[in-house]
Amino acid sequence: ERLMNCVINASKRIKNETALSSGAASVSFTAVQYIMQNVPEVSQKNILLFGVGKIGRNTCENLIKHTQNKHITLINRTREKAEQVAGKFNVVVKDFADLQTEISKADVLVVATGAATPTVHEEFINPNKPILILDLSIPKNVAEEVAQLPNVTLLHMDELSKRKDEALERRKEAIPQALAIIEEVKVEFFQWVDNRKFAPTIKALKSKLESLKNAEMDFHRKKISDFNEEQAELISNRIIQKITTQLVNHLKDTSSIDESISWLQEVFQLEVSA
């Protein structure tokens with residue numbers, strides 16, 4: 001339990017104190033992050049995702065998770081595959097024949113198809129409506145002339161990959177800082193483990209000293225008529241505390257902890273329970 005708590009603590013510190021988890025580390029998430037940063041009121045926009053391969057599925061999942069958008073439409077050449085993806089999420093599926101109609105209504109178009117030639121052409125674009133197009137396909141599936149349209153902002157996978165690579169580089173730069181935090185937490189954990197190692201011995205020693213104190217208290221109580229039991233109790237407890245504290249500090253600092261524990265157990269004839 002202690003170890004798991006240390007792991008969780010290290011994870012939280014790394015996330016809060018370093019840049020290790022900053023920025024997008026995948027093209028699909030980079031695309032969604034770009035949409036969120038550049039499309040105002042993104043949750044209210046019409047988003048069309050064309051293509052539901054691996055990148056398309058990941059992009060769809062990230063869109064739903066991070067944009068809270070309820071207006072996402074999927075289109076795939078094979079409708080069945082789009083319906084399989086839609087079954088996991090609350091999105092609409094349209095036929096491939098509706099592609100041009102849906103593009104004309106979209107505020108954001110994500111193209112993640114695997115065609116060998118462009119599938120989105122200039123005539124598909126509504127000239128009266130601004131649109132952001134992210135082409136996540138290799139090779140490019142959005143025709144070059146689309147980028148020349150004044151109402152179109154087109155970003156290709158190459159540009160998104162650069163952003164992803166920059167984010168990864170920032171994360172790599174944070175690795176030494178993250179490792180230092182892990183090392184710090186490790187040191188604290190193993191100190192605790194070492195303390196646990198001698199804790200039963202210190203507990204047994206304290207119990208032994210308490211027994212010796214009680215025996216002496218009984219002796220002096222009978223021996224001295226005006227014995228100040230309260231004062232004697234206070235002084236004895238302080239002495240016991242000082243002795244145990246001194247020994248604990250020694251055990252924390254010593255490199256031969258097992259030998260010191262064995263010596264204490266032998267000298268004071270301690271019965272140490274596990």
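Three bridges join strand E2 (residues 72–75) to strand E3 (residues 92–94), and the two strands run parallel. Strands here are DSSP runs of E with at least two residues, helices are runs of H or I with at least four residues, and both are numbered from the N terminus; two strands are taken to pair if DSSP finds at least two bridges between them. Within this pairing, Ile 75 has Lys 94 of E3 as its bridge partner. The chain passes from E2 to E3 through helix H4 (residues 79–86), and this β-α-β crossover is right-handed, a term applied if, with the strands pointing away from the viewer, the path from the first strand over the helix to the second runs clockwise. The model is a predicted one, in which local features need pLDDT of at least 70 and side-chain atom pairs count only at pLDDT 80 or more, whereas totals for chains, interfaces and linings use all residues. Residues are numbered from 1 along each chain as its sequence is written, and side-chain values use heavy atoms, with hydrogens and water left out.

On its other pairing, E2 is joined in parallel by four bridges to strand E1 (residues 47–50). A right-handed β-α-β unit is formed by E1, helix H3 (residues 54–67) and E2. From E2, Ile 72 and Leu 74 point one way and Thr 73 and Ile 75 the other, and all are buried, where buried means under 20% relative accessible area, exposed over 50% and partly exposed in between (1.4 Å probe, protein chains only). The loop between E1 and H3 contains Gly 53, which counts as partly exposed because its relative accessibility is 31%. Gly 53 and Phe 89 are 36 residues apart along the chain, and their C-alpha atoms are separated by 15 Å.

E1 also runs parallel to strand E4 (residues 108–111), to which four bridges join it. In this pair, Leu 48 stands opposite Leu 109 of E4. Both faces of E4 are covered, with Val 108 and Val 110 buried on one side and Leu 109 and Val 111 buried on the other. Over a further four bridges, E4 pairs in the parallel sense with strand E5 (residues 131–135), where Leu 132 is the bridge partner of Val 108.

These pairings belong to an open sheet of six strands in the order E3-E2-E1-E4-E5-E6, with parallel pairing. E3 and strand E6 (152–156) stand at the edges with a single partner strand each, so one side of each is left without a neighbour in the sheet. Neighbouring strands of this sheet are turned by 20° against each other on average, direction ignored. H4 packs on the sheet and touches E2 and E3, its direction making about 175° with that of E3. Contact denotes heavy atoms within 4.5 Å; axes are lines fitted to C-alpha atoms, for helices over the stretch in contact, and angles run from 0 to 180 degrees between N-to-C directions.

Among the helices, H2 (residues 27–38) has 12 residues and should span 16 Å at 1.5 Å a residue, which agrees with the 16 Å between its end C-alpha atoms. The expected span is 1.5 Å times one less than the number of residues. Buried residues of H2 include Val 27, Ala 31, Tyr 34 and Ile 35.

The axes of helix H7 (residues 175–223) and helix H9 (residues 257–267) come within 10 Å and cross at roughly 5°. H7 and H9 are therefore roughly parallel to each other, the class for angles under 35 degrees, with those over 145 counting as roughly antiparallel, 65 to 115 as roughly perpendicular and the rest as oblique. Asp 194, Lys 197, Phe 198 and Thr 201 of H7 make the contact with Ile 257, Asp 258, Ile 261, Leu 264 and Gln 265 of H9. Ser 260, also found in H9, counts as buried at 12% relative accessibility. Residues up to four places away in sequence not being counted, Ser 260 touches His 250, Leu 251 and Thr 254. In helix H8 (residues 229–253) lies Thr 244, which is buried with a relative accessible area of 4%. Apart from its neighbours within four places in sequence, Thr 244 is in contact with Ile 202, Lys 206 and Leu 209.
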